[in-house]
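Here is a short report for a first look at this structure. Keep the sequence and the 3D view open while reading.

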Amino acid sequence: MSPLWLRRGGRALLGAGRLRVLRVPRAARAVAYRPIRKVLVANRGEIAIRVFRACTELGIRTVAVYSEQDTGQMHRQKADEAYLVGRGLPPVQAYLHAPDILRVAQENGVDAIHPGYGFLSERAEFAEACAGAGLRFVGPSPRVVRMMGDKVEARRLAQRAGVPVVPGTAAPVAALAEAEAFARDAGFPVILKAAHGGGGRGMRVVRAPQELEENFTRASSEALAAFGDGALFVEKFVERPRHIEVQILGDHHGNVIHLYERDCSIQRRHQKVVEIAPAACLDPQLRARLAADAVRLAQEVGYENAGTVEFLVDQNGSYYFIEVNSRLQVEHTVTEEITGVDLVHAQLRVAEGRSLPELGLRQDAVRVHGCAIQCRVTTEDPARGFQPDTGRIEVFRSGEGMGIRLDGASAFQGALISPHYDSLLVKVVAHGPDQPAAAAKMRRALAEFRIRGVKTNIPFLQNVLAHPQFLGGAVDTQFIDENPELFLLRPAHNRAQKLLHYLGHVMVNGPSTPLPVQAKAAPVEPAAPPVPVGPPPAGLRAVLGREGPAGFARAVRAHRGLLLTDTTFRDAHQSLLATRVRSRDLKRVAPFVAHAFSGLFSIENWGGATFDVAMRFLHECPWQRLRDLRQLIPNVPFQMLLRGANAVGYTNYPDNVVYRFCEVAAANGMDVFRVFDSLNYVPNLVLGVEAAGRAGAVVEAAISYTGDVADPARTKYGLDYYLRLARELVAAGTHILCIKDMAGLLTPEAARLLVGALRQRFPELPLHVHSHDTAGAAVASMLAAAAAGADVVDVAVDAMAGMTSQPSMGALVACARGTPHDTGIALERVFEYSEYWEAARGLYAAFDCTATMKSGNADVFENEIPGGQYTNLHFQAHSMGLGHKFKEVKKAYAEANKILGDLIKVTPSSKIVGDLAQFMVQNGLSRAEVEARADELSFPRSVVEFLQGHIGTPPGGFPEPFRSRVLKDLPRVEGRPGASLPPLDFEALGQELAARHGAPPGPEELLSAAMYPKVYDDFRDFTAAFGPVDCLGTRLFLEGPKIAEEFEVELERGKTLHIKALALGDLNAAGQREVFFELNGQLRSILVPDTRAMKERPAHPKAQRGARGQVGAPMPGEVVEVRVAPGAAVAKGQPLVVLSAMKLETVVTAPRAGTVARLHVRPGMSLQGDDLILEIE
């Protein structure tokens, strides 16, 4: 009967059919039936369990053997009995120790041994030893195993049977010279194969003469490790073939049948990844010839039991015999699914002496039903060249349902994946009416899998299954190599498990964000005031969008009444709460602000210290904060603080970084750029003004204020100084002029004078005033500024105002109500807003300045400490044990300011003064002593760099002779510091980040890395380990949960986690603690390294990411060979070390040329991923 084809979607698949095969008669033998009552499986893992299940179904008792490393493996629990073998031997050798396995069988009444696949399954000596011990070997006879295991003999037999073969060596070769001789005659490429085993072990393709020696050595070593014999067979390599194999089954009565073919072309490293039965798009006549040749070869040798005849089919339809695998194959499952034949049942019954006809297995009865696909889910990382991953499976949830079969062993929560054995975790088999249907079921099943704790190849398999070439059935063995898009992997979310790791880390090691004082966060998160339904009212941002920056400035100037900027979202919490307020608590109240305060000039919510603190301490992306707030507050202009040429950093950057930053910030929703410089250094200011203006934003150039313009004796920073500076800023193109009073030094009289003079000089220009309320006089100063002609003043909501923050919004609104400066803001809304922040502030008790500072202080008029720094210095003094000396610190600050020439004090110049002040207090130095010993003291780095000119030139120049005495011969920066820096190569930085973090960065990430390289890397490492943590409540984020505490975490709308913290385990031998949770009703546990305990135990050093010359282990494994020594010169690409993991060897090569400075490994050492191997200088 001719094959019946089903056509679906233009693709042809074998649906049902029978093939006529050539049968070579063989004399029938009389074989006695001897039932098997007890089977030992000389194997491990999923194949052992597969055989145990078949035995149980047939009423046969089972015996497992296991190595010392496999005491926790599932296969020993699935058997009726289990015994240790290979005590003291390496992991693989234990399963190759035939005498121990035979001893266990004889001592425990076993009458048959099933070898599974791999290990001893193709060892003729083992089959003979079984027979010699009176045990049946479930497989072919020792004679057949020997003939088929000998690749040369198998080729000879195939040729005798008339089966085409690939040119190859006449015998196994053990010497490199023999391989070289064959390659010279046959030509490259050639392929090296283990002479006594398969499965891709000891198999290497060699395309050039210079590659032969290294590959021969590695292939031989792999073959020796996997099969106990390093002999290799060398063949001509067939380019772009399909790998088609035919399943055969024979008995002791001379019967041989085939069960059709499998397509195993999807391979990497010559190991099968996905298998399909039947092969798609295979010509029916070719199918018939392959099957006929497979059966003829089996009959030629008297084949008994199950086996596979493998062929290569080239692009022209010609085919070549490769080998016979005289055992059960990993992919036997797909054949079982399409034929309905249980191959293991058949193996056992044949071993008992039953004939195939007795089992109902006649060739004309074997039919194909649909299509089956098998995917091997392995613990390998496709993003890192399929490097094996090891560790503990923390979560395992499989994909199931109609048409899905799972064969596994190590696939369960808590399983330990070691580097000693194959990386196969579970085989997933999908069965459907045709290949597209089977592929759809497989994709669905793989999408349902949740495996956490180890990396898997599931994302890669999903890409394979969705590829048009795969769905069309036109794949060959080059499919993976020729489709690099298969490695564009969609990252797994893994959000729940990562959050548990973060919570466990906090429970074991304490807060990830250092807490300055031991004060507990409020137990309840605040509720935001109610928000009306519908969009918020239009605000000034609509004017900006309609009329542009210049029109916006005109509208501000023409506005009746006083406009306010709310600093609660930035400067207020920077001053009072150490900049630690999280996006979560800002976003909760943001919709209320949009509705209740649509008349604000702006909301200051970004820039300054919030940028790096977000990444450094809050583990948040500052850009995401900006985007989220923009979405929630679409109507009010956003304002940020730009440090001129320093952008949002503390140093100088190339000009193109500043320009690019402003451009991207504006694109993400920023409207108003308040540009300042810590020294009022005009060249730095002008750069910021130009960058913000070119980005299309509103430019608000700021005059940083210090001194007292109302005091005639203070001449350095008098009225004339500020008016000159204002003229230069207006000439540079600012839209708005700002007075930035960082320390709260602007008295009401000074405000009247300065604002009045600026208003008179620039009648059309909007004026904006910013101050701090450290002395308690800021409300009066703001009212005086308004009366003198200011258009906008900065305030913070009442609960976040006062002390080192801005003046009170409520107080100013109330004082201006009913006057020409009425703000138009409803006090009732201010009260609601303040109530929210009063509760929210309780979440940050550990950072609240009131923990150490109980009130403001008018001594700020003497020491001139900026508001935010006043708070930070107070915390620092207490943390350094100088809390009782804070009065001295403040006095020293004033003295340090004088030493440095009376500076404008705002970040970073304020920090420079503060560093010098603390240096003086710690060392008991007066101003006179510092100046007298300037040439011998080791000053803080920030002070030295300031004197070198790294942040610009201060008004009046540098203090001399102090500067010269400190610097001596150190270099000095002349002119604008950033002007001499070469442009940053963003493309090169992007490539570097992509290589380091595994994905190409966006424009925002590029800028974060450009300004804060280490902070950005640490942030990316954090998110890789713990994921986004902004969904956690603030108390949980800072302190972690209490034991027995239950709580909910909303990952996104409609996805909520229910978590309960259950217990914290004792310290284990590896320095870890097991932390137990209940997640959505299921027990979860994670292992968390105890950092304190880890510091007390020796640990192998890790290769630092990005450190040139440091060579780390690319995967966990054992050091097989070290090829260099300290002091050796190495070339780029030169082999350094050979690692072995999961029976595969990897050569670690030099990433650069140089000299081996330090070697950190030796042969036999076990390494974890990224363990430092050596250092090259």
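The report takes up a pair of helices and then a group of strands.

## The model

This is a predicted model.

## Helices α1 and α12

Two packed helices are described by the angle between their axes and the distance between the axes. Start with helix α1, residues 45-57, and helix α12, residues 343-352. Their axes come within 9 Å. They cross at roughly 65°. Angles of 65 to 115 degrees count as roughly perpendicular, so α1 and α12 are roughly perpendicular to each other. The crossing of α1 and α12 is right-handed.

Which residues meet here? From α1 come R50, V51, A54, C55 and E57. From α12 come L343, V344, H345 and L348. By class, the contact of α1 with α12 has six nonpolar residues, one polar residue and two charged residues.

Is strand β14 buried or exposed? β14 spans residues 305-313, and nine of its nine residues are buried. The strand is therefore largely enclosed by the rest of the structure.

β14 pairs with strand β11, residues 242-250. The pairing is antiparallel and has nine bridges. In this pair, I244 has F311 of β14 as its bridge partner. β14 also runs antiparallel to strand β15, residues 319-325, and six bridges join the two. Here E310 has E323 of β15 as its bridge partner.

## The β14-β15 hairpin

β14 and β15 form a hairpin with five residues between the strands. In this hairpin, G317 takes a positive phi near 90°.

Key: Residues are numbered from 1 along each chain as its sequence is written. This is a predicted model: local features need pLDDT of at least 70, side-chain atom pairs count only at pLDDT 80 or more; totals for chains, interfaces and linings use all residues. Side-chain values use heavy atoms; hydrogens and water are left out. Axes are lines fitted to C-alpha atoms, for helices over the stretch in contact, and angles run from 0 to 180 degrees between N-to-C directions. Helices (H or I, at least four residues) and strands (E, at least two) are DSSP runs, numbered from the N terminus. Angles under 35 degrees count as roughly parallel, over 145 as roughly antiparallel, 65 to 115 as roughly perpendicular and the rest as oblique. A crossing is left-handed if the near helix is turned anticlockwise from the far one by less than a right angle, and right-handed if clockwise. Contact means heavy atoms within 4.5 Å. Ala, Val, Leu, Ile, Met, Phe, Trp, Tyr, Cys and Pro count as nonpolar, Asp, Glu, Lys and Arg as charged, and the others, Gly among them, as polar. Buried means under 20% relative accessible area, exposed over 50%, partly exposed in between (1.4 Å probe, protein chains only). Two strands pair if DSSP finds at least two bridges between them.
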